[in-house]
Amino acid sequence: MVRKLLVGLGVALGIALSALLAYLLPAHVQVRGVTPSLPTATDLRRLQNVVGGPIAVYYLVTSHQSSPQGTLGHDVILIEWPDGDLFMIDAGMDRDAATAFGETVQTMFGGDPAIVDGTVSELLGDAVRRVAAVGFTHLHIDHTQGLIDFCAARGSGATLLQTRYQHELHNFNTSEGAAIVGSSCLTRFEVAADGLTTFDRFPGLGMAPLGGHTPGSTLFAVGLRDRLLLFSGDITNSLADIRDDRGKGFVYSFLLVPEHTGRTAELRTWLAALDAAPDIDVVVSHDLANVRQALVPFTN
Ligand SMILES: [Zn+2]
């Protein structure tokens, strides 16, 4: 009787594990296929001190949450040019989505409930019309859902700057965000797949595919006079994890968010070397202390 029960349990466990593998495997294979060459420090420094380059880089916080690892922020980055145009990186979430996301984070990792600071359109006010283009560090819902609110206020007229990887490769964690972006008010600008892309329209701005965290994970680099700011998205969840070369662990990187852990390790080393230079600051999306230290808050 006991033997039969154990055999039954073994079979059930086997079926459950096979189903889990079948669910996760395609995403793991896909993200391991994205290993574009990385820009050199020399390539990136060409963005510094360009004629007509950015005059300021700001942040907005749409929601934040205390956790055992520090304050987790859902922020939006705004780069400003002399003519008043803004480039926006990520969109945060609206109030309901931020509250629900915060509850999930609290259940899984502990800490406090999320505090909602405002939607991107509320925080931008009239400046929403000055946003000429938008890019996403990746297409997870906590970076893309706020685009719905943004578009309701902005209407058409803004451009999407996106790598081919981010446009074409999606998994169970990014397809919802991809659908929001794909059906949004943004008009997509076609760009090359690999290496650092620059834009005549936005001097001093660069974009390069990274992979690692998601297939479409993207670096945005900004030359702010003689400084260079590198927006690394969610390659890590804190700047300390880059400096101390710390991964996210098995449960996160293999089960929750299928990552190419070899690639994220390579990216941590690459970012740490760049961040060590006195003229370069790496800015990690969710590390609110890092964002506040590197940038100035946006006021409209
Ligand atoms: Zn995120």
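**A walk from a helix to a zinc site**

Let's start with helix α6: what covers its buried residues includes β3 (86–89), α4 (120–124), β5 (131–135), α5 (141–144) and α8 (175–182), where contact means heavy atoms within 4.5 Å. Keep in mind that this is a predicted model, where local features need pLDDT of at least 70 and side-chain atom pairs count only at pLDDT 80 or more, while totals for chains, interfaces and linings use all residues. Residues are numbered from 1 along each chain as its sequence is written, and side-chain values use heavy atoms, with hydrogens and water left out.

Helices are DSSP runs (H or I, at least four residues), strands are too (E, at least two), and both are numbered from the N terminus. Helix α6 spans residues 147–154, and its buried residues are Leu147, Asp149, Phe150, Cys151 and Arg154. Buried means under 20% relative accessible area, exposed over 50%, and partly exposed in between (1.4 Å probe, protein chains only). Just after α6, Gly155 takes a positive phi of about 70°.

Now for the metal. Asp142 (OD), His143 (NE2), Asp234 (OD) and His286 (NE2) coordinate the zinc ion at 2.0 to 2.3 Å. Donors are N, O and S atoms within 2.8 Å of the metal (3.2 Å for Na, K and Ca), and water is not among the atoms, so sites may look incomplete. Along the chain, the zinc donors follow the spacing D-H-x90-D-x51-H. Asp142 counts as buried because its relative accessibility is 7%, and His143 is buried too, with a relative accessible area of 2%.

For a contrast, look at Leu13 in helix α1. Leu13 is exposed, because its relative accessible area is 57%.
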